[in-house]
Amino acid sequence: MSDLLSMFDDKDDDAEPAGVRPLPMADGQRSEIRALFAALDIGSAALQFEATAELAGVRITSVGDLDAATAHRLIGALQRRVRRSGRVTTGKSWDDREEETWIDRL
């Protein structure tokens with residue numbers, strides 16, 4: 001009975017199994033990230049790495065460090081930043097919200 005319960009121990013639940021690596025970033029993701037950085041006029045690698053750390057929460061030293069999941073998060077954050085880049089902010093959170101609410105659709 002104690003062997004059965006041992007599978008619920010907290011020993012190494014968060015550890016990745018040996019040999020398992022995250023999926024690498026796809027070429028399409030790389031192209032989209034490049035285009036989004038260009039749309040935001042972020043051209044230097046140093047600024048792109050800073051933006052990646054800020055938006056995706058991961059510090060990288062080369063583009064190859066990005067895995068598919070992190071690239072996906074970065075793309076979403078960059079897309080939101082591109083959408084906001086052309087907007088004028090009023091300082092009022094209600095007026096500056098990005099998404100429509102049910103009130104807007106009435």
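Phe37 touches Ile42, Gln48, Ala51, Thr52 and Leu78, leaving aside residues up to four places away in sequence, where contact means heavy atoms within 4.5 Å. The model is a predicted one, in which local features need pLDDT of at least 70 and side-chain atom pairs count only at pLDDT 80 or more, while totals for chains, interfaces and linings use all residues. Residues are numbered from 1 along each chain as its sequence is written, and side-chain values use heavy atoms, with hydrogens and water left out.

The largest nonpolar core has 14 residues, and Phe37 is listed with Met25, Ile33, Ile42, Leu66, Leu74 and Leu78 as having the most contacts inside it. Such a core is a set of buried Ala, Val, Leu, Ile, Met, Phe, Trp, Tyr and Cys residues joined through side-chain atoms within 4.5 Å; buried means under 20% relative accessible area, exposed over 50%, and partly exposed in between, with a 1.4 Å probe and protein chains only. H2, helix H3 (45–56) and H4 each supply at least two residues of this core, the largest share, 4 residues, coming from H4. Helices are DSSP runs (H or I, at least four residues) numbered from the N terminus.

## Gln29 in helix H2

Gln29, found in helix H2 (residues 27–39), is buried, with a relative accessible area of 16%. Beyond residues up to four places away in sequence, Gln29 touches Ala68, Ala71, His72 and Ile75, and a polar atom of the Gln29 side chain lies 3.1 Å from the backbone oxygen of Ala68.

## Trp102

Trp102 lies in the segment after helix H4 (68–85) and is exposed, with a relative accessible area of 58%.

Notes. A polar contact is a pair of N or O atoms within 3.5 Å; within protein, one must be able to donate a hydrogen and the other to accept it, and residues adjacent in sequence count only if both atoms are side-chain atoms.
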